[in-house]
Amino acid sequence: SLFEKQGNSDGLVPSKESSAVEKKETMRVLMLGRAGVGKSTAAKLVCHLWGLGVSAPKKDRHGEDSWTPDFEAIVLIELTPNRAALENSRSWEEFLRVVLPRDVDVAKFNEWAMGNKNVLWVIDGVDEVSTLLKSSVLKLHDKKFFGESRVLICTRAEGRARVDYVD
């Protein structure tokens, strides 16, 4: 077991065995839930807190590095409000032209952001777009598409079977 009970404590702490387990950076997170449980709100909160400069402590209570890296940018892509326009996108660049502000140079942004481990892509409403958009444009089946970038995917539980992307 990776956790064990310590002394009279009710809590579990990492066991000595767990120190031998290789630590792996979390690259992809899949947030699942029924409609209305707060997935979109949580995604927006992550972005809002980052914008305010709020982040998790650098060390957790065990002295381990925090899970929250210092991102240079967080890109929130809300699929639901843009669904009609997005469904006509046939490439990643066309997709970005819909979701990014008009004054952003898509080619330069794409070159900088894709694969940048200091960028978090928050993709909300994945269950509400077509399979074609998910597979050919967002490439949610391709673990290499976003490279080293971190990705948070928000979807309803029933959309899970169509997202095989999370590590």
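## Starting with helix α4

Which elements do the buried residues of α4 pack against? They pack against β4 (73–78), α3 (92–99) and β5 (119–124). Here, contact means heavy atoms within 4.5 Å, and buried means under 20% relative accessible area, exposed over 50%, and partly exposed in between (1.4 Å probe, protein chains only).

A quick word on what you're looking at: this is a predicted model, where local features need pLDDT of at least 70, side-chain atom pairs count only at pLDDT 80 or more, and totals for chains, interfaces and linings use all residues. Residues are numbered from 1 along each chain as its sequence is written, and side-chain values use heavy atoms, with hydrogens and water left out.

## The overall layout

The protein chain has 5 helices and 6 strands. Helices (H or I, at least four residues) and strands (E, at least two) are DSSP runs, numbered from the N terminus. Reading from that end, the order is β-β-β-α-β-α-α-α-β-α-β.

Of the chain's 167 residues, 34% count as buried. Now take contacts between residues at least 6 apart in sequence: 65% of them join residues at least 24 apart.

Let's go back to α4, which covers residues 106–113. Its buried residues are Val106, Phe109, Asn110 and Ala113. Looking down the axis of α4, you'd find these buried residues within an arc of 100°, so they line one face of the helix. (The arc is that of the directions from the helix axis to the C-beta atoms.) There's a handy rule behind this kind of pattern: an α-helix has 3.6 residues a turn, so residues three or four places apart point the same way.

What sits on the face turned away from the buried side of α4? That face carries the exposed residues Ala107, Lys108 and Glu111.

## The two ends of α4

Asp105 is in the loop between α3 and α4, and with a relative accessible area of 40% it is partly exposed. This residue caps the N-terminal end of α4, with a side-chain oxygen 3.1 Å from the backbone nitrogen of Ala107. The side chain of Asp105 also reaches the backbone nitrogen of Lys108, at 3.1 Å. Both count as polar contacts, meaning a pair of N or O atoms within 3.5 Å; within protein, one must be able to donate a hydrogen and the other to accept it, and residues adjacent in sequence count only if both atoms are side-chain atoms.

Just after α4, Gly115 takes a positive phi of about 85°. Asn116 sits in the loop between α4 and β5. Is Asn116 buried or exposed? At 14% relative accessibility, Asn116 counts as buried. Leaving aside neighbours within four places in sequence, Asn116 is in contact with Glu72, Glu148 and Ser149.

## Where α3 meets α4

Helix α3 has its own buried residues: Trp92, Phe95, Leu96 and Val99. They cover an arc of only 100° around the axis, which puts them on the same side of α3. The buried residues of α3 pack against β4, α2, α4, β5 and α5 (131–137).

How do you describe two packed helices? You use the angle between their axes and the distance between the axes. For α3 and α4, the angle is about 105° and the axes are 10 Å apart. That makes α3 roughly perpendicular to α4. Axes are lines fitted to C-alpha atoms, for helices over the stretch in contact, and angles run from 0 to 180 degrees between N-to-C directions. Angles under 35 degrees count as roughly parallel, over 145 as roughly antiparallel, 65 to 115 as roughly perpendicular and the rest as oblique. The contact involves Trp92, Glu93, Leu96 and Arg97 of α3, together with Val106, Phe109 and Asn110 of α4.

Ile74 lies in strand β4, and at 16% relative accessibility it counts as buried. Not counting residues up to four places away in sequence, Ile74 touches Val46, Cys47, Trp50, Leu120 and Val122. Ile74 and Val151 are 77 residues apart in sequence and 9.6 Å apart in space, C-alpha to C-alpha.

Over in helix α2 (residues 83–87) you'll find Ala85, which is partly exposed, with a relative accessible area of 39%. Ala85 and Phe95 are 10 residues apart in sequence and 8.6 Å apart in space, C-alpha to C-alpha.
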